[in-house]
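Trainee: Hi, could you walk me through this model? I'm new to reading structures.
Mentor: Happy to, let's open it up.

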Amino acid sequence: MRRLLIYVLPVLALALAGCRSVGAPSQAARPATPSHVAMAGGASPSPAVSASPQRALRPGMRGRAVRLLQKRLATLKYYPGRVNGRFGSDTLEAVWAFQETQGLHPRDAVSSAMQRALASPRPPKVLVPHGGRLRVEVNIKDQVLVLYRRNHVALVSHVSTAGGRYFCSPNGCGDPITPTGDFTTLSFIPGRVTVPLGEMYNPVFFIGTLYAIHGDTRVPLRPASHGCVRIPMDIAAFFHTLVPTPGTPVYIRGSR
């Protein structure tokens, strides 16, 4: 089951090189599967805890308000890292993902608008309603990945897809494009995998050994990859445990 809508000429050089940002990843995130993700599709987590601080929350802050935010994001399947009351990078990436699914302009703060959305959130946009009870959907327009298990949202992650900037590699030059279409997971390679354009962390490949969903230390608020779907390192540490390989449907839709 695979309609490979690959853009042949400009992307051929990219395919030969493999996709990944330039620069080495830092220390990998914890490999254990978070409990709130492991429960997905089974028993529901504890009742939602609404975060309603009087001021905007920002990275670096600590305290009860941050802990409530983390609990709420975890309940909604946006992985915030450890629920410890510390607003670190894992929590920020979950904030971005939530803002992206809610149609809010992504920013490095939890504004009053986001706090209202946390109280009554809308679900992520469904791209392929009949795509299967277990599937991965990548929304290029919103820059989010949604994993469905038993046809319920199990994980929502911020992503960074192809940046659209012309590049050159030892194998040639081209315009980076993230292929859209219907794919399936093909293989998984643990750890750091070196390719001509750099390294991938825990890549789950969906086109040969060229295009993958993989961890990266650089997953900014803009498309920046050479074609792959980048996910944060902390999520890449366990993502492969949630998607059987081979055979999990991967649907990529939209454009920037």
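Trainee: How many of the residues of the chain count as buried, as a percentage?
Mentor: Of the 256 residues, 53% count as buried. Buried means under 20% relative accessible area, exposed means over 50%, and partly exposed is in between, using a 1.4 Å probe and protein chains only. Keep in mind that this is a predicted model, where local features need pLDDT of at least 70 and side-chain atom pairs count only at pLDDT 80 or more, while totals for chains, interfaces and linings use all residues. Residues are numbered from 1 along each chain as its sequence is written, and side-chain values use heavy atoms, with hydrogens and water left out.

Trainee: Which helices and strands are there, in numbers?
Mentor: The chain has six helices and 13 strands. Both are DSSP runs numbered from the N terminus: helices are H or I with at least four residues, strands are E with at least two.

Trainee: And how much accessible surface does the chain have?
Mentor: About 11300 Å², and 54% of that belongs to carbon and sulfur atoms. The areas come from the Shrake-Rupley method with a 1.4 Å probe, and for residues only the protein chains shown count as cover.

Trainee: What about contacts between residues at least 6 apart in sequence: what share joins residues at least 24 apart?
Mentor: That share is 61%. Contact here means heavy atoms within 4.5 Å.

Trainee: Let's do helices. At what angle do H3 and H4 pack?
Mentor: H3 (residues 64–75) and H4 (residues 89–101) pack at about 55 degrees, and their axes are 11 Å apart. Axes are lines fitted to C-alpha atoms, for helices over the stretch in contact, and angles run from 0 to 180 degrees between N-to-C directions. H3 and H4 are therefore oblique to each other. For the cut-offs, under 35 degrees is roughly parallel, over 145 roughly antiparallel, 65 to 115 roughly perpendicular, and the rest oblique.

Trainee: Which residues make that contact of H3 and H4?
Mentor: H3 brings Leu 69, Gln 70 and Leu 73, while H4 brings Thr 91, Ala 94, Val 95 and Phe 98. By class, that contact has five nonpolar, two polar and no charged residues. Ala, Val, Leu, Ile, Met, Phe, Trp, Tyr, Cys and Pro count as nonpolar, Asp, Glu, Lys and Arg as charged, and the others, Gly among them, as polar.

Trainee: How do H4 and H5 pack?
Mentor: H4 and H5 (residues 112–119) meet at about 75 degrees, with axes 11 Å apart. They are therefore roughly perpendicular to each other. Val 95, Phe 98 and Gln 99 of H4 touch Met 114, Ala 117 and Leu 118 of H5. The residues of this contact divide into five nonpolar, one polar and no charged.

Trainee: What sits in the loop between H4 and H5?
Mentor: Gln 102 is found there. Gln 102 is buried, at 11% relative accessible area. Leaving aside neighbours within four places in sequence, Gln 102 contacts Tyr 78, Ala 117, Pro 121 and Arg 122.

Trainee: Changing topic: where is Val 138, and is it buried or exposed?
Mentor: Val 138 is in strand S2. Val 138 counts as buried, because its relative accessibility is 0%. Val 138 and Gly 254 are 116 residues apart in sequence, yet 8.5 Å apart in space, C-alpha to C-alpha. Beyond neighbours within four places in sequence, the contacts of Val 138 include Leu 127, Val 144 and Tyr 251.

Trainee: And Asn 139, where does that one lie?
Mentor: Asn 139 lies in S2, which covers residues 135–139. Asn 139 is buried too, at 8%. Setting aside neighbours within four places in sequence, Asn 139 contacts Lys 125, Leu 127, Val 144 and Arg 253.

Trainee: Which peptide bond is cis?
Mentor: The bond from Thr 245 to Pro 246 is cis, with omega near 0 degrees. Pro 246 sits in the loop between H6 and strand S13 (249–253).
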